[in-house]
Amino acid sequence: KGIKNVNVVISSFRKFGSPEMEQFTLPQPIVQQGPLVIDSRYIPLHTKLEEQAAVYGCNTLRGLDLLILQSIEALKLWVGVEHWAMVESAAPVIDRAVRHLFYKEYVNK
């Protein structure tokens with residue numbers, strides 16, 4: 001009868017560039033429920049899944065967002081608990097730097 005009460009959808013594809021990956025979207029009954037849609041791919045920057053989620057008003061996390069959050073959390077582990085405040089205050093700078101490098105390397109070519 002369909003899947004009900006979907007709160008989160010996580011998309012990850014093993015093979016980059018596959019036709020299935022490029023065209024992947026959610027079945028309408030699922031996306032209409034408004035789940036948080038996490039698309040772990042960071043290339044391409046925008047995906048059909050992300051576009052579909054936006055049309056239905058779903059919150060999204062892109063692969064690039066996950067990469068940045070993961071790097072900030074890893075830095076916290078590396079510097080130790082006593083320096084977490086420093087990492088938190090540097091987080092916006094880290095975010096901008098990673099996005100700048102990503103766009104320079106993959107988007108603006």
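User: Which residue in β2 stands opposite I10?

Analyst: In this predicted model, I10 has I38 of β2 as its opposite number. As a general idea, strands of a sheet pair through backbone hydrogen bonds, in either a parallel or an antiparallel way. Here β1 and β2 (residues 36-39) run parallel and are joined by four bridges.

User: What is the order of the strands in the open sheet?

Analyst: The order is β1-β2-β3, three strands with parallel pairing. The edge strands are β1 (8-11) and β3 (60-62), each of which pairs on one side only. From one strand to the next, the twist averages 10 degrees.

User: Which strands does α4 touch where it packs on the sheet?

Analyst: Helix α4 touches β2 and β3, and its direction makes about 75 degrees with that of β3.

User: How should I read the crossing of α4 and α5: is it left-handed or right-handed?

Analyst: Start with the axes. Those of α4 (residues 63-79) and α5 (residues 84-107) come within 9 Å and cross at roughly 140 degrees. An angle over 145 degrees would count as roughly antiparallel; α4 and α5 are therefore oblique to each other. Their crossing is right-handed.

User: Which residues make that contact between α4 and α5?

Analyst: From α4, they include L64, I68, I72 and L75. From α5, W84, V87, I94, V98 and F102 are among them. Charged residues take part as well, including D65 and K76 of α4 and E88, D95 and R99 of α5.

User: How do the residues of this contact divide into nonpolar, polar and charged?

Analyst: The contact of α4 with α5 has 14 nonpolar residues, one polar and five charged.

Notes: Residues are numbered from 1 along each chain as its sequence is written. This is a predicted model: local features need pLDDT of at least 70, side-chain atom pairs count only at pLDDT 80 or more; totals for chains, interfaces and linings use all residues. Side-chain values use heavy atoms; hydrogens and water are left out. Axes are lines fitted to C-alpha atoms, for helices over the stretch in contact, and angles run from 0 to 180 degrees between N-to-C directions. Helices (H or I, at least four residues) and strands (E, at least two) are DSSP runs, numbered from the N terminus. Angles under 35 degrees count as roughly parallel, over 145 as roughly antiparallel, 65 to 115 as roughly perpendicular and the rest as oblique. A crossing is left-handed if the near helix is turned anticlockwise from the far one by less than a right angle, and right-handed if clockwise. Contact means heavy atoms within 4.5 Å. Two strands pair if DSSP finds at least two bridges between them.
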